[in-house]
Amino acid sequence: MTMEAYPFQKIETKWQREWEKNSIFSVHRDNKSPKFYCLEMFPYPSGNIHMGHVRNYSIGDVLARYKNMKGCNVLHPIGWDSFGLPAENAAIERGIHPAKWTNSNISKMKSQLMLLGFSYDWNREVATYRPEYYRWNQWIFLQMYRKGLAYKKEAAVNFCPMCRTVLANEQVENGGCWRCGSEVVQKNLSQWFLKITDYAEELLEWLDKMPYWPDRVKLMQNNWIGKSTGVLVNFKLDNEDFPIFTTRPDTIYGVTFMAIAPEHPIVGNVIREAENKKELQNFVEKVKKEDKIKRSSEDYKKEGIFTGKYVLNPLNNEKIPLYLANFVLMEYGTGAIMAVPGHDQRDFEFTKMYNLPVKVVIQNKDNSLDPMTMTEAYVEDGFNVDSGPITGLPNRNGIEKITDYIEKKGLGKREVNYKLKDWLISRQRYWGTPIPVVYCESCGIVPVHEEDLPVILPEDVVFLENENPLITSENFLHTECPECGKSARRETDTMDTFIDSSWYFERYCSPEDKKAPFKKDDTDYWMNVDQYIGGIEHAILHLLYARFFTKFLRDINLVSVDEPFERLLTQGMVTKETHYCKNDGYLFPSEINSQNICSKCGEEASVGRIEKMSKSKKNVIDPDKIIERYGADTTRLFILFASPPQKDLEWSDKGVEGAFRFLNRVYRLFSSAKGLFNGKIELLAAYEKEALVKIECTGLEKEILFVTYKTIKKVSEDIEIRFHLNTAISSIMEMVNYFYTISAESTKGDETLLFAYLHGLKTILILLSPFVPHITEELWHEIGYDRFIIHEHWPDYNDKLAKQDTITVVVQVNGKLRERLGVQRDTEENALKELALQNEKIRKHIEGKNIVKVIVVPNKLLNIVVK
């Protein structure tokens, strides 16, 4: 491709240096201006940015620059989520210390981000692997420990053999590790937990107070927290209490079997006492490997095995067989359920598979339900039958009455239950925050004193395949008890890296504070984050944990806000077509010919499937190469123009070229017109003030001001209200096209017209600047302005002149489009009806018919209803 190019490399290098030299993005508290905190989720320093990063950070940068120009004091920081497994794997594979690997990657990625011209305050940069940051992870842990929110217990946990570490429930995806995909197994280990369940109700309640979060994210969190109101009933197993939680006590007389999760703590005893020990053990091991989310889904195959034991129903004293079942989860309720196949479809399917009885205890209004002929569970409302004290009642009324009865008889109690479980934070890896406790034979578990923080990761470790490297450091492992001074052993687990990202946005408020995680005065000014931007994949893990941390920090009087993020935008993925061969897997485009034949095996390959950009799928575009060829502004413009931020973006080489051509057109437009600004800057400012209050003007001036003000209005609303950055860019492109239709010669001799023309050109640069800051900065200075364009006030518009005098009104007959009329804005309703009824096309469609009514939507539509 041959294309005349504006000197983007020279321009972009020049202004990046100027911005850095003048620290124009550095920010401090300022009570004279409204604050705006704009934040994109910080990156893991993997070594190179990808197009997903470019998209995420370009979206945030547009908003940050726009708010700056709207007069806000904008905090727009960046940092590095830099603990984690890849660095440790690099240490094993390459013999390089994780800190060195991480630091090198940060340097590379920082230079890439700076090439894109993002308006970050680099003075606030944080990196979570540095002791000055993770010291405060440890401090927050100690505060939670003192409040009883951090505790250690033995539990069955998810363990990834490949990563050699424990995973939280949220980090198991389809039965595999969220990071490496390896099959997750269950292990009993003594682990550290954070009591997030103490905040379950508040985390749930506040979802209804967050109007600027996507409904999809709020629903995902709501379901994960999973609040249920019901009753805890004490069934009996071997004469001991065997509690189950149910939200449907109105069906308790219909229980025909009980089921427990294979992870239930009684399973070991059950197997030891069973005749079919081997079968039971095999079933337990099989189910533990299955994905828990799939196990609980409606369409998953229900499987179970009889334990040989029976449970006593305390309401009717019936003996009920006890099964192990794959659809029961230890994470919900007590890990045991009462099964009512007559009124629960999952239980019904299980019953048919294992030939168990069905009871009807809720009848339909026809009294026609027969358990012998039922083909599915009856799950609608009805009236209770064969149900003791609630027989004959509508079943919804029966729920409350049977609950009262259960409590009165001492058989159970009302209870609120949550699916949410406490947050397991122990990880058996090196590259994370050390947990600041020691183990003393005399004192037990002892927290490290605050003045001794941070507990620093040792460097004298050996990175081995199958053990925690911290165990290999004698200097780290052996210490003194903070209480009694005797020999003690340090905790060798490190914290889940989601701890790091649960409060980093608050650290940005006081990144250099050495006495506290941050200053309360700073968080009182900056928090909460006004706009947070990141991927939907963080809807549960990161966002839920961040909300929990902020609420805890509020409770210890470090912050004043209830929620960390006011608005949330979850941007779509960047996708590109893939090429796939059934023999050789994903292929690079260079590995297939024009007939779609794989160069490796000679078989036909499938092409054109659109998938998320991924190295493994060989469809990645390197941002560095695009920047080198077209410039940062073109890269930003394409990524912002190709799709609305919330939708997936399909990569297009032609789209990139189109963005580049547009910027060249802008450059040429100003190259030919910049001389017109000479000596006119102050006079232009006076004209702009007058134009904002003009009631009327005529001719070309009126047309220019209409296009200018209409575009200002549209772009402002697209950024501020709709977040439709792609349509904002489209409006600016239309404005540029319009100004190409005006000859600068046509303004000669008419100073008012010249100022309208210059005002429009100047407006183009200001409106474009948040999207493509380098080229607009260059042209801004070329036309005669001294200060940086980001310090220019975002333009206002004259609402009267932003509207056209002549508009198009759609005319329908019985709802079908029949004509379009060009009329004056705000034409009287009767005059509009008269025009329509006299129109020749309309008369053909209403002749010989009765007009029932005429519906008018002012300035938009007129519908004539006839019969």
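I searched the whole structure for disulfides (pairs of cysteine sulfur atoms within 2.5 Å) and found 0. Cysteine 72 is in no disulfide, and the nearest cysteine sulfur, that of cysteine 38, is 11 Å away. For cysteine 180 I noted that the closest cysteine sulfur, in cysteine 160, lies at 3.6 Å, which is too far for a bond. This is a predicted model, in which local features need pLDDT of at least 70 and side-chain atom pairs count only at pLDDT 80 or more, while totals for chains, interfaces and linings use all residues. Residues are numbered from 1 along each chain as its sequence is written, and side-chain values use heavy atoms, with hydrogens and water left out.

I then turned to aromatic pairs (rings of Phe, Tyr and Trp, the last by its six-membered ring, with centres within 6.5 Å; stacked if the planes are under 30 degrees apart, edge-to-face if over 60, tilted for the rest), and the structure holds 49 of them. Tryptophan 19 and phenylalanine 25 form an edge-to-face pair, because their ring planes stand at 65°, with the centres 5.9 Å apart. Phenylalanine 257 and phenylalanine 350 are stacked, since their planes are at 20°, and their centres are 4.9 Å apart. I also recorded a cluster in which ring pairs link Phe257, Phe306, Tyr310, Tyr323, Phe327, Phe350 and Tyr354.

Last, I looked up charges over rings (NZ of Lys or CZ of Arg within 6 Å of the ring centre and within 35 degrees of the ring normal). Lysine 153 has its charged end over the ring of phenylalanine 193, 5.1 Å from the centre, and arginine 490 lies over the face of phenylalanine 476, 5.7 Å from the ring centre.
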